[in-house]
Amino acid sequence: MFLCMIPYITTTTYPKTILKLTLTIFNMISLKIKPVEMKNFNLKLHQRNISEQDMIEDLIKVTKKLTKQTLTRIDYDEHGHFGATTFARKFGSWNKALIAAGLNLNCRINIPNEELFENLANIWLKLGQQPVGNDIIKPISKFSLGTYEKRFRSWNKALLAFDDYIKNPNIFNIATDKEVFNDPSPSHRTPRKINWRLRATVLIRDNCICRMCGASPAKDSSITLHADHINPWSAGGETTTDNLQTLCHICNIGKSNIVF
Ligand SMILES: [Zn+2]
């Protein structure tokens, strides 16, 4: 009886399952199943012999897309097809490419070194640690990595120049006439205002860590660091590195409430 049932199972119920499985495998093999995870992925392969015309057209296309009169290298790298460095290589410089495309030049052709260093200091203090080349991007940076590399010949040389700049002994004597005028004090030899170079020197010296609670933007991006007068300026304290310390914004507020 049992043996008699085998042909029945084989020819009716079982083949349907096998047929289903076979069709599924066939569909997979014949690539009827679309590779969903690859659908939105477009490789940007290195292209040789790109025509200047194609590059200019892409430059204009991105400028129009962003509804701007001109274009920065950072904006183009984010939205363009070729990469700003390719333009600099092909046309001699980024600005020459802009001219070739009939676009306005970026206003900032000769950015002073001091502004580049101040931007670098702001990034360093915001991150709570020394930035690497990949950190030099919008919105944390006002300028592109290419701007630093072009000015100083490499990122490492930019860092060395920055180090020289903020360690310059004149840092302590750069109270401008304006600062002194706004902050006259016969009882002090230094102005109350802490300029960005001195602030950067103190915070970097303290490894961007609050001296009271140990907080650092490197661990918590909501932390903002301040350079604080250890002996308050109002009590005769000077604006010098030995009288300045790093405090987070929370400890700084707490300390300012203490009456000396
Ligand atoms: Zn703190």
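I started with Asn207, which sits in the loop between α11 and β1. Helices (H or I, at least four residues) and strands (E, at least two) are DSSP runs, numbered from the N terminus. Residue numbers start from 1 along each chain as its sequence is written. The model is predicted: local features need pLDDT of at least 70, side-chain atom pairs count only at pLDDT 80 or more, and totals for chains, interfaces and linings use all residues.

I checked the backbone. Phi of Asn207 is near 55 degrees, a positive value in a residue other than glycine. Cys208 lies in the loop between α11 and β1, and its phi is also positive, about 55 degrees. For reference, most residues other than glycine have a negative phi.

Next entry: are these two buried or exposed? I used C-beta atoms placed from the backbone: 20 or more others within 10 Å is buried, 12 or fewer is exposed, and in between is partly exposed. Asn207 counts as exposed because it has 12 C-beta neighbours inside 10 Å. Cys208 is buried, because 23 other C-beta atoms lie within 10 Å.

I moved back to α11, residues 196–205. Seven of its ten residues are buried. Among them are Arg197, Arg199 and Thr201. The buried residues pack against α7 (113–127), α9 (155–167), β1 (225–229) and β2 (244–248).

I looked at the α7 pairing. The two helices, α7 and α11, pack at about 35 degrees, with axes 10 Å apart. Axes are lines fitted to C-alpha atoms, for helices over the stretch in contact, and angles run from 0 to 180 degrees between N-to-C directions. Glu118, Ala121, Trp124 and Leu125 of α7 meet Trp196, Ala200, Leu203 and Ile204 of α11. Contact here means C-beta atoms, placed from the backbone, within 7 Å.

Last, the core. I took a nonpolar core as buried Ala, Val, Leu, Ile, Met, Phe, Trp, Tyr and Cys residues joined through C-beta atoms within 7 Å. The largest has 26 residues, and Leu125 and Leu203 have the most contacts inside it. α7 gives the most to this core, six residues. The core lies between domain 3 (113–172) and domain 4 (196–255), because both give residues to it. Those domain bounds come from an automatic or database domain assignment.

I finished on Leu125. Leaving aside neighbours within four places in sequence, Leu125 is in contact with Ala200, Leu203, Cys208 and Leu225. I also noted a second, separate core of nine residues, including Tyr76 and Trp94.

How values were computed. Contact = placed C-beta atoms within 7 Å.
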